[in-house]
Amino acid sequence: MEFKGRDIISIRDFTREEIDYILRTAGKTEQMEASQEQLNLLQGKFLGITFFEPSTRTRLSFEAAMKKMGGGIIGFGEPEMSSVKKGETLADTIRVVENYVDALVLRHPMEGSARLAADFAEVPVINAGSGAEEHPTQALLDLYTIYKEKGQIDGLEIGILGDLRYGRTVHSLSYALANYKVTLHLISPPELRMRREVFWDIKGKIQVEQAENVEDVISRLDVLYVTRIQKERFPDPAEYERVKGAYKIDGELLAKAKPELIVMHPLPRVDEITPEVDQTRHAVYFRQVRYGLITRMALLGLVMGAL
Amino acid sequence: MEFKGRDIISIRDFTREEIDYILRTAGKTEQMEASQEQLNLLQGKFLGITFFEPSTRTRLSFEAAMKKMGGGIIGFGEPEMSSVKKGETLADTIRVVENYVDALVLRHPMEGSARLAADFAEVPVINAGSGAEEHPTQALLDLYTIYKEKGQIDGLEIGILGDLRYGRTVHSLSYALANYKVTLHLISPPELRMRREVFWDIKGKIQVEQAENVEDVISRLDVLYVTRIQKERFPDPAEYERVKGAYKIDGELLAKAKPELIVMHPLPRVDEITPEVDQTRHAVYFRQVRYGLITRMALLGLVMGAL
Amino acid sequence: MEFKGRDIISIRDFTREEIDYILRTAGKTEQMEASQEQLNLLQGKFLGITFFEPSTRTRLSFEAAMKKMGGGIIGFGEPEMSSVKKGETLADTIRVVENYVDALVLRHPMEGSARLAADFAEVPVINAGSGAEEHPTQALLDLYTIYKEKGQIDGLEIGILGDLRYGRTVHSLSYALANYKVTLHLISPPELRMRREVFWDIKGKIQVEQAENVEDVISRLDVLYVTRIQKERFPDPAEYERVKGAYKIDGELLAKAKPELIVMHPLPRVDEITPEVDQTRHAVYFRQVRYGLITRMALLGLVMGAL
C-alpha cells in the first residue's frame, strides 16, 4: 500500500483497509521506538508546521513525532504570522513554506482550508484540524488507542459522550468507526446531539443508538469516549446547570461499568472526569497521548516514504 | 576570499568581487543540497535568532537554512522578549545570547542597530533587516535569483516597481545592482519615488531611468521586481485609489513584455500581482523563496567558516 | 553519587556534598564542551519546556544546554498555552507533556508548583523558577561562577546587594551559600531587607552581616552579587529616588574594592551597574551566562543519567 506523497485531509478519504494498514504501521513504529535509542528514519527531512489557530497540544504532538523520527521542524504555531496580517492568502503562505519542508501540517479555523492547501502544495499536507468537521489524525490515534487497549475494534460497544454537535474530534471519530462492526452509543443532551447529516451517514453503516443519560448505557460499554461540554453552547445557562451532572464521569458511575471498560478523552479535560478516575484501570486518557505520538510518527513516516 | 567571522550588515560593505563570490558559493551550495541527503557542514554549530520585530518569513528562511546545513537554532522571534521589557539594552541582550551561538541574526526596527550589535558581539552578526535602510541578505538572494534565472546580471534592463521610498528591500537591492552593468528603471507614483540621496548614489554608477507607469517600460525589461504599495503611505486615500491600477501586474500587461521577462517579488504579495500570473513562465517569486534559502545557507556556511 | 531520575526543586534539598559533586561535574562538562566539536551525550533524548511564565533568558539557557548536549527540545515558552486557557490543571498538562520527553523544566508563578509537578511526573522535573522562593539552577550556576573565578567558595566574603526581599535568585543563592564557610554581607535599603525567616535560617549556619550602604563594605568583599532594585517595590517613590544612588555600581565605587573582587549579576541589568564597569576585570556577569549554560548542561546530563 502506497502512502508516500499522500495528503491526509479527511478520515472519509480512507478505506478500512487503509486505516488498518496505518494502525499496523503504528504498531511497528511503537516497537521500533521502544527498542532503539534514536530512530533516524526521517533524518534530513523537515516538517512544516503552519498553525493558523493556536493548538499547543496538537502542535507538540506533531513536533515530538517528527523529532523522534529523527527529522526537524520549521514553521509557526501562532495565528499572528506577520505576512498573514499583511493580507497574504493561504495559498501563497503554503507555497512559501513548502520550499523549506518535505511535508506540511496545517491547522486552520476554516472548513476546506486543508483541501485548498493540498491543492496548492507539492508536498503532502496533513490536516491537524480544519473548521468544525475534520481532525483525521485525532480519529486515527483514537482508533489506535482502542486497537491497542482492546486488541480489536470489531464487536465493541462504544459510547461517545458530550458535545456531539460541535466537536470535530467526534465527527472524525464517528466516521472512522463507521468502517468497523461496532455499536455506537451517542450520549448527549438534546441541544448537543449529533447533526442530522452526520448521524444518517453513520447510521447507514453501523448500529447507532442515542441516549440522554450515560447511566442508562454504562453497563453495556467497552469504550467510553468523553468530550467536554461547554457552557457557552447553551442558549440558557440554567439548562446547562440542569444537565451537566448527567455527563460527569466519577467512581460511582464507573462502579456500574464492565471491569474492562476503557475511558478515553481527547484532552484537555476540565471537570467532566473526576480525578479519582485517573487511578482506576479504566483511565487510558494519558496513555492516549502516547498512542497519539506513535500514530503521528507512523503517519509522518508513511507520507514521507520512510515506512 | 575570507568570510569567516565577518559581519553582514550592509550590502554597501561588499565589493562586486565579494558579491560574485557569494553568488558562486550559493551555486555550489545548491548543487550540494540537491545531491546529498543531509548536509552536515554546520553540525554542532548554533545560530542565534534575535528578532526584535516580528518577521515570520525571514525568520523561517534563516531557520531552515541553518537546519538544512545541519546546525541548530537558539533564540526568539518575538519583540516581547521579557528582559527587553525589563529595560535591558540591545548591547546586553547581544552579549547574553552570543554565549550560546556561533553567529547571530538580528532583526530590529532601528537604524544602526545591526552595526551596534556587531560592535559588541564577538561572533559574526547578520543583519536581517534594520530600520528602513538595510536588508542585505534579501538583496543577495534577489541577485542570486536573477543570476540563476537569467544566467548573468550584467547587460540586463531591470525595473523596480512600487514603493521605492520606504522599502528597505528596494534600497538594498538598488545598491547591490549598482555594482553591475545594468539599466535600472524606477517605476513608482511621485509620492513614493526613491529618496534623493539613494537615487544620486546609484545614478553615479549605473544608468537609471524613472517612470510613473509600468506600461511605458514593460517591453524593454528583462526583470520586473514588484513591491507592495501600502495605502497608508498616501496622505490622501483618493490619490491611492487613483494610482493603484497603474501598478498592478496582470496577464494583459505581461502580453506586452518580452517572453523571457521574469517577475520577482519579495513577498508577501497582496493584490499587486494577479493570480493568473502565477501560472505563466514569467513568475519566479515562489522559486525566489527557494533561492533565498540557498543564499542564506551559503552565507551561514561562509561566516561560520564551513564554506 | 546518583542523580539519575532526581528532581531539582529546591536548593535546600541538596547537601554540600551533592552541590560540590554538581560543581565538579560542571567542570568536567566545560572541559568536554571545549574539546569536542559536538557532545552527543543526550542524543535521542528530549527536554520538555513548560514555561507558564515568560522568561526568555532562562528558557534560552536551558534550550541551549540541551541542544549542546546533543538532545532536542519540545514544549512551550508562553503562558497562554491554549489548553491551560481552557481550564486544564497543571497536573494534567504535566502528564500530557511527559509522554514526549525524558525530563521536564518548569517555570510557574505559584509557590509549590514545581513540587506538585514532580509529584505527578514520572520523568525528573527541574524547577526553573517557582513563585518568589526558589530558583535552584540559578543558585547552582552562581556557585559555579564563584568556584571557577575564585578557585573556591570557602573563606570568601560575599556581598549580595539590592532587592533581598522579593528576589527568588537571592533566596536560593543565600541558602546555597549557607553550605559553605563564607561571610555574607546583605546590602539593601531597609524596605528591601531579607525576610526574617530566611535571614534566621542562614544566620544559624554562617556569619551574616547587614549593611545599608555598599560603600561601607566594598573594601572587604571578594564577590559582589548585584540585583536590580525595582521602583515599584517602594510605597513612596521619593524614598526610591533617595536611596537608589547608594546601590549603583560604578568605577568610583570599585576604586575602593580589592583588585580581585568579582561583580556578578543575574541579568538583565538596567542601570544598577554602569557600562564603564563592563570593561574592568571585576565584571564577570557576561561570563556568568556561559557558566549558566555549562551548569545546566551538567544538570541535564545528571538527571537523565548521561553523566
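Mentor: Happy to! Keep in mind that this is a predicted model. The contact between the chains draws on 18 residues from chain B and 19 residues from chain A. On the chain B side, two helices each supply at least two residues: helix 2 (56-68) and helix 12 (285-303). Helix 2 of chain B gives the most to that side, with six residues. Sorted by class, the side of chain B that touches chain A has nine nonpolar, three polar and six charged residues.

Now let us step across to chain A and see how it is divided. Its domain assignment gives domain 1, made of 11-132 + 292-303, and domain 2, which covers 137-289. The C-alpha centres of these two domains of chain A lie 26 Å apart. Where they meet, 18 residues of domain 1 are in contact with 16 residues of domain 2. Helix 1 (16-35), strand 4 (125-130) and helix 12 (285-303) of chain A each bring at least two residues to the domain 1 side of this meeting. Helix 12 of chain A gives the most there, with six residues. By class, the domain 1 side consists of 11 nonpolar, three polar and four charged residues.

You will find A:Ile153 in the loop between helix 6 (136-150) and strand 5 (157-161) of chain A. A:Ile153 counts as buried because 23 other C-beta atoms lie within 10 Å, and the cut-off for that is 20 or more. Leaving aside residues up to four places away in sequence, A:Ile153 touches A:Leu143, A:Ile146, A:Tyr147, A:Tyr180 and A:Val182. A:Lys181 is 28 residues from A:Ile153 in sequence, yet the two are 7.6 Å apart in space, C-alpha to C-alpha.

Last, back to chain B for a whole helix. Helix 7 of chain B (residues 168-177) is largely enclosed by the rest of the structure, because nine of its 10 residues are buried. Those buried residues are B:Thr169, B:Val170, B:His171, B:Ser172, B:Leu173, B:Ser174, B:Tyr175, B:Ala176 and B:Leu177. Among the elements of chain B that cover them are helix 1 (16-35), helix 6 (136-150) and helix 8 (196-203). The cover also includes strand 5 (157-161), strand 6 (183-187) and strand 8 (223-226) of chain B.

Definitions and conventions: Residues are numbered from 1 along each chain as its sequence is written. Chains are lettered from A and ligands numbered from 1 in the order in which they are written. This is a predicted model: local features need pLDDT of at least 70, side-chain atom pairs count only at pLDDT 80 or more; totals for chains, interfaces and linings use all residues. Helices (H or I, at least four residues) and strands (E, at least two) are DSSP runs, numbered from the N terminus. A residue is buried if 20 or more other C-beta atoms lie within 10 Å of its own, exposed if 12 or fewer, and partly exposed in between; C-beta atoms are placed from the backbone. Two residues are in contact if their C-beta atoms, placed from the backbone, lie within 7 Å. Ala, Val, Leu, Ile, Met, Phe, Trp, Tyr, Cys and Pro count as nonpolar, Asp, Glu, Lys and Arg as charged, and the others, Gly among them, as polar. Domain bounds come from an automatic or database domain assignment.
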